[in-house]
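Dear colleague,

Please read them alongside the coordinates when you have a moment.

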Amino acid sequence: MGLTTRQFHLNAFLMTIGHHEAAWRAPGSSLTASWELAHHVKLAQVAERGTFDSIFFGDGPALQGDVRYRPVGRLDPTTLLPALALVTQHIGLIATASTTYNEPYNLARRFASIDHLSGGRAGWNIVTTAGKEAAENFGLDDVPEHHHRYERASEFVDVCQKLWDSWEDDFLIGDKTKGSFADASKVHRIDHRGRFFKVKGPLNVPPSPQRQPLLVQAGSSEDGRDFAARYAEAVFTAQQTLEDGRSFYRDLKQRITAFGRDATRVKVLPGIVPVLGGTEAEALRREEELASLQIPAYGLSQLSSLLGVEIGEDLLDKPLPELGDVRSVKGHQSRFQVITELARRDQLTVRQLLTRLGGGRGHRTFTGTPEQIASTLQEWFESGAADGFNVMPPLLPSGLEDFVDHVVPILRQRGLFRTEYTGRTLREHYGLTRPQSRYSQSAHSRAS
Ligand SMILES: Cc1cc2nc3c(=O)[nH]c(=O)nc-3n(C[C@H](O)[C@H](O)[C@H](O)COP(=O)(O)O)c2cc1C
């Protein structure tokens with residue numbers, strides 16, 4: 001068998017009834033599917049039919065966005081994933097959970113449980129939660145400093161990894177006659193004492209099929225990149241141009257190597273919003289139809305929260321004002337950069353900017369025929385900007401069905417994407433092995 005050809009990794013980023021902010025107003029869109037199980041079951045099964053590596057649900061512990069103009073409420077994804085594990089067999093199940101508004105013991109336990117319940121398909125998108133709304137739900141008046149959030153996130157993941165390691169695989173004795181269930185010397189306290197956490201351990205969930213969920217990260221700032229380079233196995237990012245995508249990809253892979261890790265084992269997945277049509281004209285018409293349903297008041301409130309600066313109606317037909325240095329941004333630093341650069345580069349008025357952000361909040365929109373979209377993805381993949389893509393359908397379920405029925409077959413034909421699942425666990429889909437417990441490793445090195 002020759003050298004295995006490098007293939008895409010595809011993640012379906014599923015958000016209520018579609019990523020486009022006006023998706024709910026589109027003919028045929030449901031007003032209540034955002035919190036209905038049947039809708040999510042359908043999405044998971046469509047993505048699995050398309051042999052996607054994984055599905056992913058974002059999250060934030062706050063009502064984000066203006067409920068007057070969009071169905072912004074959503075289910076807690078870590079409660080949704082076990083339900084979807086029951087109706088799927090292969091597809092990975094990734095959920096966001098915050099390191100700023102959780103405790104490591106709870107999250108380590110939750111993802112280990114999801115991994116057991118799904119037969120090894122759990123993934124965790126590690127976020128520090130940038131919004132002020134969330135901070136106000138946890139006793140704070142404002143979001144903690146950007147750098148501080150990432151420092152806490154690093155120690156948070158360290159504690160989780162120690163807890164996932166706290167049982168060695170060969171703990172079980174199971175001698176009913178003697179009444180001896182487990183070898184206690186194989187179940188370890190972690191006695192973690194750090195700046196943010198003091199955790200005794202062990203975890204109260206035995207090692208799961210993957211031992212640790214796939215670790216995903218989605219912040220592209222300086223702090224975010226270093227955090228990803230140290231911990232992430234898959235990295236989601238928003239990049240507007242091929243050049244931006246390539247420079248982010250190069251920079252991140254260098255940082256991973258600098259941390260002594262194998263950069264080929266960390267997958268970079270830029271987000272794409274595919275707007276499909278049988279012809280290019282039809283696809284453009286669909287994009288315009290969705291844009292015509294946008295409500296400027298909603299766009300302005302979302303833009304203000306993404307930039308961390310109030311952008312008022314009076315600025316709609318003016319260029320985006322100068323907003324200062326990205327390093328002073330407490331919230332979403334990389335998103336601030338993507339959006340201000342887009343406005344500058346394309347000399348957009350605020351109204352035009354809102355239209356461009358309507359589909360994916362800064363992620364790139366690809367509009368065209370299935371062939372055209374497949375070729376653009378292939379170009380990013382083959383020119384060092386991506387190891388795969390975070391597919392963000394503007395409308396759900398139809399946008400995902402269209403991608404699975406029309407783009408995936410082309411990618412398979414070109415040998416760029418799997419035709420069937422070969423792995424059992426999410427880590428295997430991403431070409432990763434199951435980590436060993438550090439306690440059994442140290443036991444081995446002590447023995448040798
Ligand atoms: C694909 C993608 C998905 C994201 N999902 C979430 C999410 O579910 N919850 C959240 O609070 N932030 C989410 N974010 C935002 C990031 O966590 C982060 O706040 C943002 O990218 C800015 O990070 P930075 O300040 O390090 O640049 C997501 C970002 C991307 C690119």
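Asp191 counts as partly exposed, with a relative accessibility of 43%, and its phi is near 45°, a positive value in a residue other than glycine. Please bear in mind that this is a predicted model. Asp191 sits in the loop between β6 (180-182) and β7 (192-193).

Thr129, which is not a glycine either, has a positive phi of about 60°, and it belongs to the loop between β4 (122-127) and α4 (132-135). Thr129 is buried, because its relative accessible area of 8% falls under the 20% cut-off.

Two cis peptide bonds also deserve a look. One runs from Gly201 to Pro202, with omega near 0°, and places Pro202 in the loop between β8 (198-199) and β9 (214-217); the other joins Leu396 to Pro397, with omega near 10°, where Pro397 lies in the loop between β13 (388-391) and α13 (398-413). As background, most residues other than glycine have a negative phi, and most peptide bonds are trans.

Turning to the helices, the axes of α10 (residues 333-345) and α11 (residues 350-357) come within 10 Å and cross at roughly 125°, which makes α10 oblique to α11. The crossing is right-handed, and the contact is formed by Ile339, Leu342 and Ala343 from α10 with Leu353, Arg356 and Leu357 from α11; these residues divide into 5 nonpolar, no polar and 1 charged.

Finally, helix α5 (residues 146-164) has end C-alpha atoms 27 Å apart, which agrees with the 27 Å that its 19 residues should span at 1.5 Å a residue, and 14 of those 19 residues are buried, so that α5 is mostly covered.

With best wishes

Conventions. Residues numbered from 1 in each chain as written. Predicted model: local features only at pLDDT ≥ 70, side-chain atom pairs only at ≥ 80, totals over all residues. Heavy atoms only, no water. Axes fitted to C-alpha atoms, helices over the stretch in contact; angles between N-to-C directions. Helix = DSSP H or I, 4+ residues; strand = E, 2+ residues; numbered from the N terminus. Parallel < 35°, antiparallel > 145°, perpendicular 65-115°, else oblique. Left-handed = near helix turned anticlockwise from the far one by under 90°. Contact = heavy atoms within 4.5 Å. Nonpolar A, V, L, I, M, F, W, Y, C, P; charged D, E, K, R; others polar. Expected span 1.5 Å × (residues − 1). Buried < 20%, exposed > 50% of the residue type's maximum accessible area, 1.4 Å probe, protein only.
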